[in-house]
Amino acid sequence: MQLGEFAADAIHQFAKEHNFNLQEEVDIIAGQGQTIWHLPLPEMFEGDQIRAHLDMAEISIIAAKTGITALSNFRVSDMALGRQGCPLFVAWDGLCATHPEKNVAVQNIGGIANITMLPKGDPRLGYDFDTGPGNVFIDGAVRFFTNGESQYDKDGKMGAAGKVDQEIVDEVLQQPYFLHDIPKTTGRETFGDELSEELCKRMLAKGATPEDCVATITRITAKSLADGYKRWGPPGGIDEIYLGGGGSYNPNIINYLREQFPKTKIDFLDAIGVPCGSREAMSFSFKGLECIIGRSLIVPKHVESSKAGIIGHIQPGAGLQYHRLMKHVQDFWGEWPLEKRMDPVLKMEIVKQEKGVANGNGHANGK
């Protein structure tokens, strides 16, 4: 409930700061909320575990406080169709980045790191998976050594000042998750602060400095990404990698990838018209759109189930707003045959706005 209140307040604040009217200019609000629990591979845990996922940020609160129809629970819906619910980016990344002649990857380095592989020619060939820890280990180590005063290794300075303990890196990368075949996704249930702190204490006992610990933990993330490309990349390798997530700004990770893949173009998502910091929000907005109009997303390759379906839960907004939205949906489909309405979108055009060109509100946008 509190996260729903927080999200609704943030939406109102965002609308005010950017000078648009929620009631008149927004049809739906879609998002995932905060992941609390993600257990896609229960066989990797002890005890009688079952596949499960929990996100929080109650859409009933968001819809009530904004008056706008709200959507969420896309991951649980995907799991209900027999898959793992994460990373869940193939449909969006495939439409944005699939190239007719090049193998492309979209790489996100958040708390957990994931890769979307997009073999050339067809977005329906895409697949994605979590490689393992992204920033979660690094952030945990930095908090450990600074007593919480710093939350992350800004510009990779702490890691750059240390020496990598390759023995520790190799040992960690022999853990079951890293060796597990795709499809696979993970979370803090497997890679939490406790493991990061344990590694730091072990290394300190061997005479390492805090900088050595952060350098080594950063290399674990970097090498797990490189291993993901080498083991599960498409035939012919990857020609281009587009980066998103906070870890993409850590030069100790990205420089290592450049060393491992010298012939691969590595750039930020902005280069293809997707703001680096907005990819996840844009992807969930797209999921919300497809849910409200009743259309399936592209089903990834290399998953447990190829069953298509409409994913997401819907909380109607204020009565008239919801009925207007349903009228928009009816107008959108018109006389289009019912049997074709589930077919996923396979093509999207990204329109890059030029600097100084007026936006929809008549204001010049220089960003």
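## Elements and model

Helices here are DSSP runs of H or I with at least four residues, strands are runs of E with at least two, and both are numbered from the N terminus. By this count, Asp155 lies in the loop between helix 6 and helix 7 (157-160). The structure is a predicted model.

## Backbone features

Asp155 is not a glycine, yet its phi is positive, at about 60°. With a relative accessible area of 42%, Asp155 counts as partly exposed, because that term covers values between 20% and 50%. Asn73 is another residue other than glycine with a positive phi, near 60°. Asn73 sits in the loop between strand 4 (69-72) and helix 4, and its relative accessible area of 24% makes it partly exposed. As background, most residues other than glycine have a negative phi, and most peptide bonds are trans.

Two cis peptide bonds can be located in the chain. The bond from Cys86 to Pro87 is cis, with omega near -10°, and Pro87 belongs to the loop between helix 4 (74-80) and helix 5. The bond from Ile182 to Pro183 is also cis, with omega near 5°. Pro183 is placed in the loop between helix 9 and helix 10.

Strand 8 covers residues 240-244, and five of its five residues are buried, so the strand is largely enclosed by the rest of the structure. Glu240, Tyr242 and Gly244 point one way from the strand, while Ile241 and Leu243 point the other way. Residues on both sides are buried.

Strand 8 pairs with strand 5 (residues 104-109) in the parallel sense, over five bridges. In this pairing, Val106 stands opposite Tyr242 of strand 8. Strand 8 also pairs with strand 9 (residues 265-268), again in the parallel sense, over four bridges. Here the bridge partner of Glu240 is Lys265 in strand 9. Between strand 8 and strand 9 the chain passes through helix 12 (residues 251-260), and this β-α-β crossover is right-handed.

## Aromatic pairs

How many aromatic pairs does a search of the whole structure find? The search gives 13. One of them joins Phe14 and Phe20, which are edge-to-face, with 6.0 Å from centre to centre and 70° between the planes. Phe14 is partly exposed, at 44% relative accessible area, and Phe20 is also partly exposed, at 23%.

For Tyr177 and Phe191, the ring centres are 5.8 Å apart and the planes meet at 80°, so this pair is edge-to-face. The pair links distant parts of the chain, 14 residues apart: Tyr177 is in helix 9 (residues 176-179), and Phe191 is in the loop between helix 9 and helix 10 (193-205). Tyr177 is buried, at 3% relative accessibility, and Phe191 is buried, at 1%. Tyr177 and Phe191 also belong to one aromatic cluster, together with Phe137 and Phe178.

Val136 is in helix 6 (residues 136-146) and counts as buried, with a relative accessibility of 2%. From C-alpha to C-alpha, Val136 and Ala63 are 32 Å apart in space, and they are 73 residues apart in sequence.

## Cavities

Two cavities of 30 Å³ or more turn up in a search of the whole structure. Sorted by class, the lining of the largest cavity holds 14 nonpolar, five polar and five charged residues.

The second largest cavity has a volume of about 70 Å³. Which residues line the second largest cavity? They are His38, Pro40, Leu41, Met44, Phe45, Tyr177, Thr185, Thr186, Gly187, Glu189 and Thr190. Five of these lining residues are nonpolar, five are polar and one is charged.

How values were computed. Residues are numbered from 1 along each chain as its sequence is written. This is a predicted model: local features need pLDDT of at least 70, side-chain atom pairs count only at pLDDT 80 or more; totals for chains, interfaces and linings use all residues. Side-chain values use heavy atoms; hydrogens and water are left out. On a 1 Å grid over the protein atoms alone, a cavity is a set of points where a 1.4 Å probe fits but cannot get out, and a pocket is an open set with protein on both sides within 12 Å along at least five of seven lines; lining residues have an atom within 4 Å of a point. Grid points are joined across faces, edges and corners, and a volume is the space filled by probe spheres set on the points. Ala, Val, Leu, Ile, Met, Phe, Trp, Tyr, Cys and Pro count as nonpolar, Asp, Glu, Lys and Arg as charged, and the others, Gly among them, as polar. Buried means under 20% relative accessible area, exposed over 50%, partly exposed in between (1.4 Å probe, protein chains only). Two strands pair if DSSP finds at least two bridges between them. A crossover is right-handed if, with the strands pointing away from the viewer, the path from the first strand over the helix to the second runs clockwise. Rings of Phe, Tyr and Trp (its six-membered ring) pair if their centres lie within 6.5 Å; planes under 30 degrees apart count as stacked, over 60 as edge-to-face and the rest as tilted.
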